[in-house]
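Dear colleague,

I am handing over the structure we spoke about, and it is placed just below. After it I have set down what was found, beginning with the interface.

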Amino acid sequence: MAEVVGIGAAPRRKEDFRFVTGRGNYVADIVRPGMAFGAFLRSVHAHAEIGAVDTAAAAAMPGVRAVFTGADMAADGVGGLPVGWGIVGRDGLPMKEPPHPALAVGKVRYVGDAVAFVVADTLEAARAAAEAIVVDYRPLPAVVDMAAALTPGSPLVFDDVPGNLCCDWELGDAIAVDKAFAKAAHVARLKLVNNRLIGNPMEPRAAIGEYNAGTGQYTLWTTSQFPHVVRLLMGEFVLHIPQHRLRVVAPDVGGGFGVKQFHYAEEAVVTWAAGKLACPVKWVCERSEGFISDAHGRDHVTEAALALDAEGRFLGMKVETLANMGGYLSTFGPNIPTNLYAPLLSGVYTTPAIHCSVKVVFTNTVPVDAYRGAGRPEATFVVERLVDVAAIEMGIDKAEIRRRNMIPAEAYPYQTPVLVEYDSGNPRACLDRVVELADVAGFPARREASAKAGKYRGLGFSTYVEACGLAPSRLAGQLGARGGLYESATVRVHPTGQVTVLIGTHNHGQGHETTFAQIVSDKLGVPFDQVDIVFGDTDKVQFGMGTYGSRSLVVGGAALSKASDKVILKARKIAAHLLEAAEQDVVFENGKASVAGTDRAKTFAEIAGAAYVPHNYPLETLEPGLEEQAYYDPVNFTYPGGAHVAEVEIDPETGVVTLAAYTAVDDVGTVINPMIVEGQIHGGIIQGVGQALFEHGVYDPDSGQLLSGSFMDYCMPRADDLPKMTTTTQSTQCAHTPMGVKGCGECGTIGSPAAVINAVVDALAPLGVKHVDMPASPGRIWHLMRNAGLAQAAE
Amino acid sequence: MRDFAYHKPATIEAAAGLLATIEDARVLAGGMTLLPTMKQRLAAPEALVDLAALPLSGIAEADGVVTIGATARHADVAASPILARVLPGVAALAGGIGDPQVRHRGTIGGSVANNDPAADYPAALLALGAEVVTDRRAIVADDFFVGLFETALAPGEIVTAIRFPAVRRAAYAKFRSPASRYALAGVFVAALPAGVRVAVTGAGPSVFRLPAMEAALDKSFTPEAARAVAIDPAGLNSDIHADAAYRAHLVGVMAGRAVAAAIAFS
Ligand SMILES: Cc1cc2nc3c(=O)[nH]c(=O)nc-3n(C[C@H](O)[C@H](O)[C@H](O)COP(=O)(O)OP(=O)(O)OC[C@H]3O[C@@H](n4cnc5c(N)ncnc54)[C@H](O)[C@@H]3O)c2cc1C
């Protein structure tokens, strides 16, 4: 589009042309001269001591260049994978942080733990050799269930972590909560499971390591959401490569959802092996390998209680959660079920006293870390399920109990009892709107119609708030973050007026190349197709924290907005010189600098030309060139929120739950591109529906084998599982971000699981069903219905 | 995937010859089952003998007998006008296998020879009393499906066609596994001149008949009669998607739906 496309417009996504025409450039597409191929040998045991590892036969096979084990890496001084966030327990002691070697040393701790790495001329040769490695495993009893892991006498994942307890963490005022419960007219209680999820981005992970013996320069191409952070963590802590000698490139990446926002062992192994062998080494994850080596998400068991007065006003909330970390700490693992969870337990309500304790537990399972929403869907699920339980038990309408307890619009900024201060919002407006859009008034008639067709129908609400735009660095530091959480952007204006933006976030499906170009086009008045966004290469982009936690527009977009403002400032100075006017008389508008009240003006391209060909230029006071950089550190999180309504129909014969309708009203702040926001909300809802109805990472409790280790058993949501959704935004402006944006990447995933499960429980309520764990699979629903029927028959 | 030799013979004799002389040679039909197993390195045959060039994909009807060639694809069976006329239940079954990609590659011969305990076709063959025709003989369905992934085929024996009776009062209903969409429980009901036959797939280690339900449906061919038969969960499969009790229940529900569909066809 050869014109300005500004904020609020919905142009087609720039990046889609290369994706839909097969011209994307993914790590697996990259071929380097002399490249060799790697394959990992992974543990088939959930827990075992590693005796001798006999690599002789494998090393002697045709085409094999090397076989490496954990012992080889340790002998070479390679460090363990670091944790990016440390938490402190209620006893004031730091969490247990056992070493996490890139290739297992001494023990394997989950099925999939990497034991050895083979490099060969071909992938087939590497795989065949990996199969020829003989590992003398001495199997140990495994523990995958958290309650079992905490029980005295349980197998220990780490010998020096008693009771498998990584950290016993808490937030909130326990005394105030006890007082609230003491005076309560009613207490609603619930025990629930937040099911383990496996992210399954469309593109599996991949990595290529390369070493240039001439310059001493290492390069890693990786499927990462944050290449600069990988460079920092891997270079500094694992491989001890100085930052200026290490380049990390994350080219096109086919979906992340959190799965690709950690520093993984494979990245370090291929880079290290490339150095040892002086040849590029490529590894591409197989789909089934991904199931047992990508970090998993969620996996909580929670007991929660809500104290209410006689009118149904919330007095206090108590939450006790067990959170699974798996067999090692992943990069952000311990932060997710603590700092990104407990502070959201106030939801959109005025609950005055909240206390949350979390036991963070090691088990013999794949490490657990952030997955779209990360902590916040879990918190929302607890709150919104409890609210429904309370409403049912007290006989209060489910929308009404929410309204009665919502933070009124005029109460913002609102300080919750759990750390965070919401800057803006209007939850009642969202709820009122969704009640109207979802035709809640017409629900009884629809339920009647379903009943006539022999089906149960239910309607469920979920109102939520999330904290995103990660994150104010100082606050994050106080909460244990070991790095900053700002973002950076460079706006590079070329001599002819086109613009290249270098930004520290990473685009892997979110449409940044479009949204960010709109911001620049809007601000500088440069045509949309003359703005390109560059990201994902540490040699090109200054620095950046990457993309996760709905932060890219909020934090990266703010940095971009600031850098654009700096460009305008300088452009005005240059224009003032060219127009022989005073700087304060020059206005920059619509891509032109003009002297106020006159028709004298210079175009942006003319100004850029003067900056790079400074023949007529104020060289005494101004440097040539037109390129500005800004770092932006937010002053607070942002708090998108909204209200969702799900409607389900259940077939009593089979237990199949059909999502009949879904309506979402979300407050995401200023909308830059409504089409992209809609897409993000849709995708998010679908992922949340996946958690509620379909997806489940299941381990065998005895053997520790992953039973849902392929798409034959791990059920992803499909297009035909979903109704046409109605989504809209009902926004308040963020009070502290430059453009008023709040972020929208995780809204759907955070709001939808509770809405769907509340609807399922509503449908089954006539049978006396009080709670349904996720996923609400047909088998589970059928058993609930049968047990309820047996119970009713017994009465 | 390990290396293997690839052969594409032009005649059945040549195919049989290759299978007889090459040790560990395997027949390749649609490849929808065999190739994934090879990619996962669970199977590593020396050679593949591709049936694609053999004239085995026809569908014909004569004298009340429907013959479907072994390499007829699921999509061809689903769209066959002949079957729509004389054996609609089998066409509908084929149209419900897997997804469009699978239906355009997978073959009836491959499905039958593979005898996956959750595959759909075996239920149709057993309920309809079909015959499996090979390059050596004809085997009745009751003798063909021996057990879990096990059939009466001898090493190197090639399925060339399946022969069904033309019966309109016959239909299939399956409850799909949410993840794989194979049958958690699938029931084929056929009202044959000699009596009703009912076959169940997905619920047990291999396809099996339900004599009690056959007797009940002989008396009254109604969905209610099918639903009234108690199904014993003993011996049925249990996994993370469905335990034996739920599967037993689903067999009853699917039998009722199959009867309703068969009545609608006739
Ligand atoms: C994603 C997916 C979903 C599926 N869903 C379903 C489903 O819902 N229901 C269902 O029933 N099936 C399903 N299938 C299986 C599908 O129907 C396969 O096509 C079928 O099981 C095998 O047929 P094929 O022609 O692909 O055989 P191949 O994979 O080529 O061969 C399978 C086996 O049979 C042998 N074989 C093949 N043809 C002959 C022959 N003529 N004589 C002797 N031996 C032979 C081969 O040697 C091999 O051992 C699914 C498959 C996939 C990949």
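Across the interface of chain A and chain B of this predicted model, the rule finds 8 salt bridges. One salt bridge brings together the side chains of B:R41 and A:E124, at 2.7 Å from N to O.

The contact as a whole takes 24 residues from chain A and 21 residues from chain B, and the area buried between the two chains is about 1,900 Å², of which carbon and sulfur atoms give 51%. In chain A, the residues that lose the most area to chain B are A:E653, A:M712 and A:W782, which together make up 27% of what that side buries. Across the same interface, 17 residue pairs are in polar contact.

A:E266 forms a salt bridge with A:R42, their closest N and O atoms being 2.9 Å apart; A:E266 sits in helix α8 (residues 265-277) and A:R42 in strand β1 (residues 36-42), 224 residues apart, and both residues are buried.

The side chains of A:K107 and A:D159 also meet in a salt bridge, at 3.9 Å from N to O. Because A:K107 lies in strand β4 (residues 107-108) and A:D159 in the loop between α5 (146-150) and β7 (165-172), the pair ties together parts that are 52 residues apart in sequence. A:K107 is buried, with a relative accessible area of 9%, whereas A:D159 is exposed, with a relative accessible area of 65%.

A further salt bridge joins A:R376 and A:E466, with the closest N and O atoms 3.2 Å apart. A:R376 is in helix α10 (residues 376-394), and A:E466 is in the loop between β18 (456-465) and α14 (473-478), 90 residues apart. A:R376 is buried at a relative accessible area of 1%, and A:E466 is buried at 0%.

Finally, there is helix α15 (residues 512-524) of chain A, whose 13 residues should span 18 Å at 1.5 Å a residue, which agrees with the 18 Å between its end C-alpha atoms. Since 11 of the 13 residues of α15(A) are buried, the helix is largely enclosed by the rest of the structure. α15(A) is followed by A:G525, whose phi is positive, near 70°.

With best wishes

Notes
Residues numbered from 1 in each chain as written. Chains lettered and ligands numbered in written order. Predicted model: local features only at pLDDT ≥ 70, side-chain atom pairs only at ≥ 80, totals over all residues. Heavy atoms only, no water. Contact = heavy atoms within 4.5 Å. Buried area = accessible area lost by both parts, 1.4 Å probe. Salt bridge = Lys/Arg side-chain N within 4 Å of Asp/Glu carboxyl O. Polar contact = N/O pair within 3.5 Å; in protein donor to acceptor, adjacent residues only side chain to side chain. Helix = DSSP H or I, 4+ residues; strand = E, 2+ residues; numbered from the N terminus. Expected span 1.5 Å × (residues − 1). Buried < 20%, exposed > 50% of the residue type's maximum accessible area, 1.4 Å probe, protein only.
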